[in-house]
Amino acid sequence: MDKHITFRNGQQVCPLGQGTYQMGRRRSEEIQALRRGINLGLTLIDTAEMYGTEDLVGEAVCDCRDKAFIVSKVLPSNASYEGTKRACERSLQRLGTDYIDLYLLHWIGRYPFSETVRALVELQQEGKIRQWGMSNLDVDDMERIITLPHGKDCAANQVLYNLKDRGIEYDLIPWSEQHHIPIMAYTPLGEGRLRNHKTLIEIARRHDATPTQIMLAWVMRTQNVIAIPKASSIAHVEDNARSLDISLTEEDLSDINKAFPAPTHKIHLAGW
């Protein structure tokens, strides 16, 4: 459990976080799961104003706010200069906290990046957010972000990444490593049926693990990627946490590449 990702400001987090998209159906159980995750070192919790789970996250971390690393996101429809400021205030209120650790633009909308980034920079200067970043942006758009005033302070980019969706390996991951911008991988387990893939079952057998744990270990195999699977029960959180202790071998990685080939050409991001 000594793995970590270091952000530009020096803050470190475990490369395995906790997602909350589509949570809220079993609130009490989900809150207990998030708290168990924090106790296991999975301190990064991902939410968004779109998810409707900010109040749930706030309740989960109310007794351990200093241990939690909260990520939230502004909707593109709210991402004007003033709208971003107002959206952040609403998120802070729902979360019951006076700062958000990492605040992202959820995806590209109609407002210019310059407007959104200016608001994000000011929110950071005001202490309402510790860091800011992007979500669902490809290389060309990230290039635009870092040319803006304070744009090089962009702390992360959250994108789709799993064994079936490896497109970002072609250019976005190398670009992000070069610019020291961590990638947050949402939907790291892909479709549920991947768990039944014979290659993953075989590799899991070698490690006395589960296919889910192998998939997470694979996503986290590089130094710059954070996986944020959803786990709405304590048992699932504990299962996910065990993936941190798995080191995939060259044979494992070779078998995975045969079953799930790496991209050989540019594949545009599947955004929102």
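Helix H1 (residues 27-39) packs against helix H2 (residues 54-61) at an angle of about 55°, and their axes lie 9 Å apart. Helices here (H or I, at least four residues) are DSSP runs numbered from the N terminus, and axes are lines fitted to C-alpha atoms over the stretch in contact, with angles running from 0 to 180 degrees between N-to-C directions. H1 and H2 are therefore oblique to each other, given that angles under 35 degrees count as roughly parallel, over 145 as roughly antiparallel, 65 to 115 as roughly perpendicular and the rest as oblique. The crossing of H1 and H2 is right-handed, a term used if the near helix is turned clockwise from the far one by less than a right angle.

On the H1 side the contact (heavy atoms within 4.5 Å) is made by Arg27, Glu30, Ile31, Leu34, Arg35 and Ile38, and on the H2 side by Asp55, Leu56, Glu59, Ala60 and Val61. By class, this contact of H1 with H2 has 6 nonpolar, no polar and 5 charged residues, where Ala, Val, Leu, Ile, Met, Phe, Trp, Tyr, Cys and Pro count as nonpolar, Asp, Glu, Lys and Arg as charged, and the others, Gly among them, as polar.

This is a predicted model, in which local features need pLDDT of at least 70 and side-chain atom pairs count only at pLDDT 80 or more, whereas totals for chains, interfaces and linings use all residues. Residues are numbered from 1 along each chain as its sequence is written, and side-chain values use heavy atoms, with hydrogens and water left out.

| Helix pair | Angle | Axis distance |
|---|---|---|
| H1 (residues 27-39) and H2 (residues 54-61) | about 55° | 9 Å |
| H3 (residues 81-95) and H4 (residues 113-125) | about 40° | 7 Å |
| H7 (residues 198-206) and H10 (residues 250-259) | about 170° | 10 Å |

H3 and H4 pack at about 40°, and that makes H3 oblique to H4; their crossing is right-handed. Tyr81, Thr84, Lys85 and Cys88 of H3 meet Glu115, Thr116, Arg118, Ala119, Leu120, Glu122 and Leu123 of H4, a contact with 5 nonpolar, 2 polar and 4 charged residues.

For H7 and H10 the angle is about 170°, which makes H7 roughly antiparallel to H10. Here Thr199, Ile203 and Arg206 in H7 meet Glu251, Asp252, Asp255, Ile256 and Ala259 in H10, and these residues divide into 3 nonpolar, 1 polar and 4 charged.

Grid points are joined across faces, edges and corners, and a volume is the space filled by probe spheres set on the points.

The largest pocket has a volume of about 560 Å³; 25 residues line this pocket, and Thr187, Pro188, Ile228, Pro229 and Lys230 are the closest to its centre. Its lining has 9 nonpolar, 12 polar and 4 charged residues, and helix H9 (residues 234-241) gives the most to it, with 3 residues. The count of cavities of 30 Å³ or more comes to 1. The largest cavity holds about 30 Å³ of space and is lined by Leu16, Gly17, Gln18, Leu42, Pro229, Ala231, Val237 and Asn240.

How values were computed: Helix = DSSP H or I, 4+ residues; strand = E, 2+ residues; numbered from the N terminus. 1 Å grid on protein atoms, 1.4 Å probe; cavity = no way out; pocket = protein on both sides within 12 Å on 5 of 7 lines; lining within 4 Å.
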